[in-house]
Amino acid sequence: MKRINIDRDKCIGCLTCVTSCIVSHHAEESRNRVVLSSNRKNSPIFCRHCDLPECVFTCMSGAMSKDPKTGYVTYNQKQCASCYMCIMACPYGVLKEDDRTKKEILKCDMCTDHETGFPQCVAKCPMTAITFEEVR
Amino acid sequence: MKYIVLGASAAGINGAEALRRLDPNAEIILISKDTEIYSRCMLHYYISGERSVSRLNFKSDDFFTKNNIKWISGKEVTEVNETEKTVLLDSGEELHFDKLLIASGASSRFPNIPNLTPSPYIVGVRTLDDCDRIKELSKKYKHAVVIGGGLIGADIITGLSHSEADIALIEVSSHMMNRQLDTYTAKNYQELWQKKGIKFYFDVSINGVILDKQNDKPEYIQINGSEKVKADFIVVALGVSPNIQFLKNSSIEKTQFDAIKVNHQKQTSHPDIYAAGDVTGTAAIWSVAVKEAIIAAHSMTGNELNMEDFFAAKSTMNFFGVPTMSLGQSNPSCNTMIPAIQNHEAGTYSFHSDDQEFDIDIQIDYKGNYKKIVHKNGKIYGALLQGDLSYSGILSQLIKENIDISKVKKSIFDISYADFFNITESLEYHFD
């Protein structure tokens, strides 16, 4: 499967990835973020589409599932019951509820619905701090 | 290889699915009393009418055909014969297995209170049938009483708040969801329920149910010695006990709590029989049931999977659009009263638990979002968030893994994965 690699040394915290995420999903908020660590390092926090996805194990509605073909962890908003167990279960604190309705979980979908089918955060990163790579 | 799985909820369905993934050619049979696949965690949406049965399904409609699993539904297993390796169904049918996964779940527990026994008017909340009954009763009768103010009780009063019935909730402790919430966060919800007309009786001792002698229908519940709470029907939400009736003649070892005893691989005392989910008596939590079932499926197919995470003191909830998350020791005993907190004033507040063991930090922001972190010596032991749960999953990891946060040089409310950032060869995250 493919994952987004992150090279923190190259990240300048320009937030182009955050903006492209919002644009790609015609959304009000982004599904990724860049956070400063206590030693002042820009740290992109992006969904890993884990091999053993805690958000899927904990999802009681069936909204979160691991696609056996792509390996991506997908989110189906229509099925979601807004119980927030996934937010709690993600060990890396990637997930949040949307600010306005508090019903939707903001979850990376690798831009599979975008016309290019390519993660727009990666496409637009001016520093190649994030790259799209095949793993295993 | 022939696998039989008993039960069609979190553990049974996910166990069967994992078995198929790990053993593409095996014969897999799933047997359940349930005739629908539904998430028990969403039953309150069914009671309120917000979801139909089909929208309670947590897998795709073609789950059984897609995974080539034979589903025997509407039948109950009455006996497991571990010597012959067969299960006996209530239809008289006998089925042989090579390996068996027991994921038969649990049923509502009815504690020893006079006349509080299952009847057409006194029901638990565990199955669709229970919910159909509750819906019917709430249309027909005026006075509904829910006993138990835990998460399930909270779900039920929310589901029932859409009905015409007058609802009362009886709870032995001092506030709703006593295990998860502190008085501050509980009160916020209680006020919302009270606006919907729900009446609370806290710190109550229950004497018994007084029945109409003619038809065994409840008249009222007697509490605190002489007080009467009118009750046409009663919903009991006081926890669960494992479904092991069909093992009464079996030598499979049980725990002292009448649950099935399993080892790390989810194997019972019989080498070909495994168990997962509520029937093993571990925390009745969805994710625990799913993980146990996946571990069991690995063991049953000769694979190994270690997922040691069974940190169970965790829950989230969402009533009236207000999210809350509770983790670990979120409410250590504390009599320190800070008026500003009681008044919901924005600010950060630091104090200690009564025994001085824990430091407690509370942050209330200008929107009223509440964040409480319980810690000592650089480790977090509990957290309670209400209003905004954004990115808070990190807290469950820090508590569960006992991770030292003293190296983090920022406010305890702002800790994030950036402070532990580490990326593996397969580009997954891993705590540094």
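Lys142(B) is partly exposed, with a relative accessibility of 46%, where partly exposed denotes the range between buried (under 20% relative accessible area) and exposed (over 50%), computed with a 1.4 Å probe on protein chains only. The model is predicted, so that local features need pLDDT of at least 70 and side-chain atom pairs count only at pLDDT 80 or more, whereas totals for chains, interfaces and linings use all residues. Residues are numbered from 1 along each chain as its sequence is written, chains are lettered from A and ligands numbered from 1 in the order in which they are written, and side-chain values use heavy atoms, with hydrogens and water left out.

Lys142(B) meets Asp166(B) in a salt bridge at 3.1 Å, N to O, a salt bridge being a side-chain nitrogen of Lys or Arg within 4 Å of a carboxyl oxygen of Asp or Glu. Asp166(B), at 35% relative accessibility, is likewise partly exposed. Over all chains, the structure holds 22 salt bridges. One of them joins Glu428(B) to Arg3(A), with the closest N and O atoms 3.8 Å apart; Glu428(B) is buried at a relative accessible area of 15%, and Arg3(A) is buried at 1%.
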